[in-house]
Amino acid sequence: GLKLDIDYSFNPYSSNTEFTSRLFREYHADGTYNIYPWTNPNLVNLGNSNDYYHAFNIYGNYTRRFGSHNLTLMAGYNEEGKWLKTFSAERRNLIDNDLPVLNRATGDMSVGQSMPSWGVQGYFGRINYDYGNRYYLNLTGRYDGTSIFAPGHRYVFNPSVAASWRVSNENFWKNSEVLSNL
């Protein structure tokens with residue numbers, strides 16, 4: 001009979017970050033102070049990241065028996081994709097240590113953004129045939145693609161063939177005491 005399997009998953013991840021470096025004063029007994037060098041200049045750094053992943057799979061199996069002939073067919077499709085969007089902004093020389101806001105600083109502002117993504121897509125199939133649980137033939141193929149390769153070179157077909165003989169199921173082997181399953 002025919003059996004069909006379908007699954008889908010979607011995984012969103014998001015994060016927001018804030019980093020503040022405050023001027024830190026070291027006071028001396030005489031009332032003077034020094035500012036620790038690694039805290040100067042003070043700054044605020046804000047970041048945001050949105051990460052989305054999805055996967056979709058569908059495949060079916062069909063099994064049929066015709067006397068001594070056994071046939072199993074399988075075909076399917078797979079798709080995965082990932083999208084990432086990041087943003088960050090930083091500004092130094094905060095006017096007030098207690099108010100770490102980008103527009104409350106006097107230094108240069110640096111802003112960065114990226115939007116990397118990737119995807120894969122594939123079709124696959126397999127034919128399994130056997131005659132009398134003795135002679136086996138397996139034909140398999142995949143047609144896979146990925147977004148990380150250049151256009152015109154993104155897809156490839158990968159076939160395979162296998163054949164085997166299960167000697168232990170032959171009549172002349174049935175009473176063998178040396179090997180029972182070969």
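Trainee: Which residues form one aromatic cluster?

Mentor: In this predicted model, where local features need pLDDT of at least 70, side-chain atom pairs count only at pLDDT 80 or more, and totals for chains, interfaces and linings use all residues, the cluster is formed by Phe24, Tyr36 and Trp38. Residues are numbered from 1 along each chain as its sequence is written, and side-chain values use heavy atoms, with hydrogens and water left out.

Trainee: What describes a pair of aromatic rings?

Mentor: The distance of the centres and the angle of the planes describe such a pair. Rings of Phe, Tyr and Trp (its six-membered ring) pair if their centres lie within 6.5 Å, and planes under 30 degrees apart count as stacked, over 60 as edge-to-face and the rest as tilted. The structure holds 9 aromatic pairs. One of them joins tyrosine 27 and tyrosine 33, with ring centres 5.4 Å apart and planes at 55°, so this pair is tilted. Tyrosine 77 and tyrosine 123 also form a tilted pair, at 5.0 Å centre to centre and with 50° between the planes.

Trainee: Where in the chain do tyrosine 77 and tyrosine 123 lie?

Mentor: Tyrosine 77 belongs to strand 5 (residues 69-92) and tyrosine 123 to strand 7 (residues 117-131), so the pair links distant parts of the chain, 46 residues apart. Strands (E, at least two residues) are DSSP runs, numbered from the N terminus.

Trainee: Is tyrosine 77 buried or exposed?

Mentor: Buried means under 20% relative accessible area, exposed over 50%, and partly exposed in between (1.4 Å probe, protein chains only). Tyrosine 77 is buried at 14%, whereas tyrosine 123 is partly exposed at 40%.

Conventions
Helix = DSSP H or I, 4+ residues; strand = E, 2+ residues; numbered from the N terminus.
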